[in-house]
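Hi,

Here is the model I promised to pass on. Have a look, and my notes on its salt bridges follow below.

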Amino acid sequence: MSSRSAAEYRIEDLAHASGATVRTIRAYQDRGLLPTPERRGRANVYGDAHLARLRQIADLLDRGYTLASIKELLEAWDAGRGLGGVLGLVAEVQGPWTDEQADRISRDELHRRFGGTQDDQAVAEAVELGVLEPIPGRPDEFLVPSPQELSVAVELHGAGVPLTAISGHLRELRGQVEHIASRFLEFTTEHVFARYLGHRPPTDADAAEAAELVRRLRPLAQQTVDAELARAMRTFATRHLRHHLGAEAPIGSYPAASEPRPVLLPPDTMGAVQQLVGQQNVAAFVTAATEREVQARTLDALAISHAESRQVEQIG
């Protein structure tokens, strides 16, 4: 810091105070993210405004903004529109979407809850899936973001489900739930939030109102999924029970063989098909692929049936 004033910095001092590198500061200047410093002789002099701006940029980068969007936000702020509402909206969206509190678990307790057998491969897969998170400096302890999710895995394993099957089920379920979340966001954006997206960035008033709506709508996704999952489980659990008990189902409890039944395809699969054949040909491609699969399975079944008949004849 210079001797003239506590509010004046050489670029090296500014880098030290802000945590940014000299190279980063110069890059921000070139992109127009930092105000032009005061020129004194052959040196550039920076002030507290530059330090505050660097801290704002670092905060926005941590929130996931790109440098281009940060520039738009800062220009709006410099024009007097403010950042308070926008940052409030960001905080609301990035806040917790559940009341569940994270917990910690030791490696020994983890092994005990899963039958007492050490399985490092299963632990590594749980970390990859985000069910467990390593704690720096504590190799024998993990953060559990969702204790409920871990408890479900414990109960399934206790009921005889292998850990590999649980992991595979979670991967499949996660893809389907992400599709539901994406559709809910598209739906609410189209019908609720579109009016706040007419200009970038939104005004303080619009951003604050949008944040309040996020707060109100936050529980709706969970409530909708809970209600629909309960309905579906009641319907399909009854069908499964009747099927495995061999009981006659009442008329109307099963869809007729000729009735179409919806099948949810993973979003990644649909995206790959769309890239392959184009949006306008997706339906025809899926129909053709389904018909081919049905034919292949029919031929397989006939071949197996014929082979079994031959074996019975030979034995007889």
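First the rule I used: a salt bridge is a side-chain nitrogen of Lys or Arg within 4 Å of a carboxyl oxygen of Asp or Glu. Counted that way, there are 13 salt bridges.

Before the details, a word on the source: this is a predicted model, so local features need pLDDT of at least 70 and side-chain atom pairs count only at pLDDT 80 or more, while totals for chains, interfaces and linings use all residues. Residues are numbered from 1 along each chain as its sequence is written, and side-chain values use heavy atoms, with hydrogens and water left out.

Arg112 is exposed at 54% relative accessibility, whereas Glu109 is partly exposed at 28% (buried is under 20% relative accessible area, exposed over 50%, partly exposed in between; 1.4 Å probe, protein chains only).

Arg107 bridges to Asp120 at 3.8 Å, N to O. This pair connects distant parts of the chain, from helix H6 (residues 107–113) to helix H7 (residues 120–129), 13 residues apart. Asp120 is partly exposed, at 43%.

Elsewhere, Arg10 and Asp13 form a salt bridge with closest N and O atoms 3.4 Å apart. Arg10 is partly exposed at 45%, but Asp13 is buried at 16%.

Lastly, salt bridges link Glu8, Glu38 and Arg40 in a network.

Cheers

Note on methods. Helix = DSSP H or I, 4+ residues; strand = E, 2+ residues; numbered from the N terminus.
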